[in-house]
Amino acid sequence: MSEPSIARADAQRAPDAVEDVFDPYADRLREECGVFGVFGHPDAAALTALGLHALQHRGQEAAGIVSFDGGRFHAEKRLGLVGDHFSDAKTIGRLPGRAAIGHNRYSTTGETILRNVQPLFAELDAGGLAVAHNGNLTNALTLRRELVKAGAICQSTSDTEVILHLVAQSRRPRIVDRFVNALREIEGAYALVALTTKKMIGARDPLGIRPLILGELDGCHILTSETCALDIIGAKYIRDIENGEVVIITDEGVQSLRPFPPQPMRPCVFEFVYFARPDSVVQGQSVYEVRKRMGMELARESMPNADVVVPVPDSGVPAAIGLSRESGVPFELGIIRNHYVGRTFIQPTQGVRELGVRMKHSANRSQIEGKRVVLVDDSLVRGTTSKKIVKMMYDAGAKEVHFRLACPPILYSDYYGIDTPEREKLLAATHTLEQMRELIGADSLAFLSVDGLYRAMGYDGRDDLRPQFADHCFTGDYPTLLTDRSGETPRQLSLIAEAS
């Protein structure tokens, strides 16, 4: 980065100067989505519900399951959490069959309305097709305009529907060939799980930006976004679906197709930084161990003189453990998180908004008072939450507060399934390191370097000629075409903007 890696206060900490409005949900990167599918098991829908429960961290706005019983497709879609709707035996009973696919949604494109909840289903001349999609298509708007001009009628504002229309318009006789034809038309990031009357299909984009895993339970095959969803049902991990690979799962087994020219893989680095559950294994590496190593690298790069290392729960915990281990400074739970706060508690009045951070996080005064504190978090987006937490530490009697981030500054928006703010709302894109430090009120502020992030993942550093990961949020190096971009500062892609 052009700025120094550490900013320190040379005088007293700055007074409160950032906006008064606080929303504890607005200052985080929004999760992508989670997909899950099982083929050939008598409890397919129940297993899918359990799998989606394990993937709940990838999307909390809606969930859906489509099953096939050998004659008919059945669908149940709900707004809200998986456990609120799919733990009911009656709901699962309405999803008979030995094959099912499911989806957890965070609305990276389109509104949070029931018609956008996946899996999406269409009745084609070759039979029914249900599709669940994790990722974003960077040419979805362009394709949608072309499809509508050709007579297509769009029922949702999700880019996933574009895939269904492309499959429907293909003139190839086999559904798999139609599916591959559709993949040839789309750009961007995707992990797809589809269900037909005879097979389950999985596909991963040519760079492998979004994850997709193959597992097995009782001789039946499973596709899912993360290994933690296999663990919850006692399934065995088989392998990662490779970048650009299409797998066809039938009663006869698994067939693999590679319809795209081979390319070096570039998975999303944020799976390691933030999105994947700590107990998952991504690209053969334990997410928990990688995050600890991020903290260790952070300690080597920018450890201040301190008395205690405190994580911002829950995402900062593994990195804080690593930073503590490397530095020798004790790790303590100096912030206690209330896991039972929902959006319902965030009220429009200013007084209640000011209490929002305390409803979600509370200082553990016994571990803070009179101490020099190192706060560790996974990322810094807008800075509003960080400012409130730093103030909370001082209010609890901290002598000094040093803020450390276990990833590089987020300088660019994402267009592949992470709902980042527009670039002008990213704190690091609009402020110097010293300005950010002053704004959040810390005595010092430092980010993990890009090379430090790569070292934590087992590399000597970033290969600038052939980057090992999709790290565009830090570097601006977008790995694919961005056909739908317009102007110098495009908005996060959203089909609802086009629809309106």
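Trainee: Where is Ala 140 found, and why is Ala 140 called buried or exposed?

Mentor: In this predicted model, Ala 140 is found in helix α4, which covers residues 140-149. Its relative accessible area is 3%. Buried means under 20%, so Ala 140 is buried.

Trainee: How far apart are Ala 140 and Thr 160 in sequence and in space?

Mentor: In sequence they are 20 residues apart, and in space 8.6 Å lie between them, C-alpha to C-alpha.

Trainee: Let's turn to the UniProt record. Which feature does UniProt place at Cys 33?

Mentor: The unreviewed UniProt entry places the feature "active site" there. In the model, Cys 33 is in the loop between β1 and β2 (34-39).

Trainee: What makes Cys 33 count as buried?

Mentor: The relative accessibility of Cys 33 is 5%, and the cut-off for buried is under 20%, so Cys 33 counts as buried. Leaving aside residues up to four places away in sequence, Cys 33 touches Arg 58, His 103, Asn 104, Arg 105, Tyr 106, His 133, Asn 134 and Ser 225.

Trainee: What makes helix α6 mostly covered?

Mentor: Helix α6 spans residues 175-185, and eight of its 11 residues are buried. Those eight are Ile 175, Val 176, Asp 177, Arg 178, Phe 179, Val 180, Ala 182 and Leu 183. They pack against several elements, including α5 (160-169), β9 (200-204) and β13 (246-250).

Trainee: How do you know that β13 is mostly covered too?

Mentor: Four of the five residues in β13 are buried.

Trainee: What is the strand order in the open sheet of five strands?

Mentor: The order is β1-β22-β21-β20-β17, and the pairing is mixed.

Trainee: Why do β1 and β17 stand at the edges?

Mentor: β1 (6-8) and β17 (308-311) each have a single partner strand, so one side of each is left without a neighbour in the sheet. From one strand to the next, the twist averages 20°.

Trainee: How do you know that β1 and β22 pair?

Mentor: Three bridges join β1 to β22 (residues 444-447), and these strands run antiparallel. Pairing needs at least two bridges, so the three here are enough. Within this pair, Ala 7 stands opposite Leu 445.

Trainee: Which strands does helix α16 touch?

Mentor: Helix α16 (residues 433-440) packs on the sheet and touches β1, β21 and β22. The direction of α16 makes about 125° with that of β22.

Trainee: Which residues have the most contacts inside the largest nonpolar core?

Mentor: They are Phe 270, Met 294, Leu 453 and Phe 474, in a core of 44 residues. Among the elements that each supply at least two residues of this core are α9 (287-302), β20 and α17 (450-456). Leu 453 touches residues including Val 269, Met 294 and Phe 474, with those up to four places away in sequence not counted. Another core, of 29 residues, lies apart from this one, and Leu 120 and Val 246 are among its members.

Trainee: What makes the phi of Asp 218 worth a look?

Mentor: Most residues other than glycine have a negative phi. Asp 218 is not a glycine, yet its phi is positive, about 55°. Asp 218 is in the loop between β10 (213-217) and β11 (220-224).

Trainee: Why is Asp 218 called exposed, whereas Gln 283 is called partly exposed?

Mentor: Exposed means over 50%, and Asp 218 has a relative accessible area of 62%, so Asp 218 is exposed. Gln 283 has 28%, which falls between the cut-offs of 20% and 50%, so Gln 283 is partly exposed.

Trainee: Where is the cis peptide bond that involves Pro 119?

Mentor: The peptide bond from Gln 118 to Pro 119 is cis, with omega near 0°. Pro 119 is in the loop between β5 (99-105) and β6.

Methods: Residues numbered from 1 in each chain as written. Predicted model: local features only at pLDDT ≥ 70, side-chain atom pairs only at ≥ 80, totals over all residues. Heavy atoms only, no water. Axes fitted to C-alpha atoms, helices over the stretch in contact; angles between N-to-C directions. Contact = heavy atoms within 4.5 Å. Core = buried A, V, L, I, M, F, W, Y, C linked by side-chain atoms within 4.5 Å. Buried < 20%, exposed > 50% of the residue type's maximum accessible area, 1.4 Å probe, protein only. UniProt positions renumbered as here; feature names shortened; annotations may be inferred.
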